[in-house]
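Welcome! Let us walk through this structure together, one question at a time.

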Amino acid sequence: ELKTRVADEKPWYRVRVVLAGGENDDPYFTKLIEDCGAFVVADRYCFGSLPGREEIEIRDGETAMNAIARHYIETNECPRFMNPEKVHGRKQYLKKLAEDYNADGLIVQQMKFCEYWEYERMYCQHVMESDYALPCMGIEKEYINTSTGHEEEILLYVEDANGSLTI
C-alpha cells in the first residue's frame, strides 16, 4: 500500500506551533491562530493539555488529595515560581515540546494584568529566539477573545516563522 499511496495534498497550515502561557479556556483563541495558518500541535497553558494529562502517582500511605497537591507543586510551570532553576527549566521544557511535536515556533499568551506571565512572556520571547533559535511570539490578551484584533500580528508571525518574511 505504501508504494501505491498518493502523497497527501499540501497541508492547510503554514507553520506548526506550540501554545503556552497563563490560564486560557477560550477555544476561539486557538481557532483564531489556526484560521491565520498556524497548526496548534500542543498547548501548555496553566490548565492546558500539557501537563494536565499526566498520571498522578499515589504513593504508599498518601491520600489522593495529598498526591494531587504534591504533583502540582513538583510539576507546576507557573512563573510565580521564580527561582533560577524553574525559570530556566520552563524554557527548556518549551523547547523540548517544540522538538517533540515538530513545531516551527512558539506562541506565548498572557492574560491582561497577570504580572507573572507578563514578565515570563517577554523574557520567553527573548530566550527562545536568542538561545534556542525558535521563533516566538508573545500576545497579551483579554479574558474573552472576541474582537481582540490579534489577526494581523498572528498573520505576520506565521509568515515570519514560515521563513517567508523578513522583518
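Predicted model: local features only at pLDDT ≥ 70, side-chain atom pairs only at ≥ 80, totals over all residues.

Q: Is K112 buried, partly exposed or exposed?
A: Residues are numbered from 1 along each chain as its sequence is written, and side-chain values use heavy atoms, with hydrogens and water left out. Buried means under 20% relative accessible area, exposed means over 50%, and partly exposed lies in between (1.4 Å probe, protein chains only). With a relative accessible area of 34%, K112 is partly exposed.

Q: Which residue meets K112 in a salt bridge?
A: A salt bridge here is a side-chain nitrogen of Lys or Arg within 4 Å of a carboxyl oxygen of Asp or Glu. K112 has such a partner at 3.6 Å, N to O, and that partner is E140.

Q: How many residues apart in sequence are the parts that K112 and E140 tie together?
A: Helices (H or I, at least four residues) and strands (E, at least two) are DSSP runs, numbered from the N terminus. The side chains of K112 and E140 meet in a salt bridge. K112 sits in the loop between β3 (105–111) and α5 (115–130), while E140 belongs to strand β4 (residues 136–141), so the parts tied together are 28 residues apart in sequence.

Q: Which elements does the protein have, and in what pattern do they follow each other?
A: The protein has six helices and four strands. Read along the sequence, the pattern is β-α-β-α-α-α-β-α-β-α.

Q: Which residues are linked with R70 in a network of salt bridges?
A: R70 forms a salt bridge with E74, and their closest N and O atoms are 3.4 Å apart. The two are about one helical turn from each other, because they are four residues apart in helix α3. R70 counts as buried at 16% relative accessibility, whereas E74 counts as partly exposed at 45%. In the network, R70 is linked with E74 and E62.

Q: How far apart are the closest N and O atoms of E99 and K95?
A: Both residues lie in helix α4, four residues apart, about one turn of the helix. E99 is partly exposed, with a relative accessible area of 48%. E99 and K95 form a salt bridge, with the closest N and O atoms at 3.9 Å.

Q: How many salt bridges does the structure hold?
A: Among them are the pair R70 and E74 and the pair E99 and K95. The number of salt bridges in the structure is eight.

Q: How many disulfides does the structure hold?
A: A disulfide is a covalent bond between the sulfur atoms of two cysteines, counted here when the sulfur atoms are within 2.5 Å. The sulfur of C124 is 4.6 Å from the closest cysteine sulfur, in C136, which is too far for a bond. For C36, the closest cysteine sulfur is also in C136, at 17 Å, again too far. The number of disulfides is zero.

Q: Is R44 buried or exposed?
A: R44 lies in strand β2 (residues 38–44). Contact means heavy atoms within 4.5 Å. Leaving aside neighbours within four places in sequence, the contacts of R44 include L19, A20, E77, C78 and Y93. Its relative accessible area is 6%, so R44 is buried.

Q: What share of the 167 residues of the protein counts as buried?
A: The C-alpha atoms fill a box of roughly 55 × 50 × 35 Å, taken along the principal axes. Of the contacts with a separation of 6 or more, 63% are between residues 24 or more positions apart. The share of the 167 residues that counts as buried is 39%.
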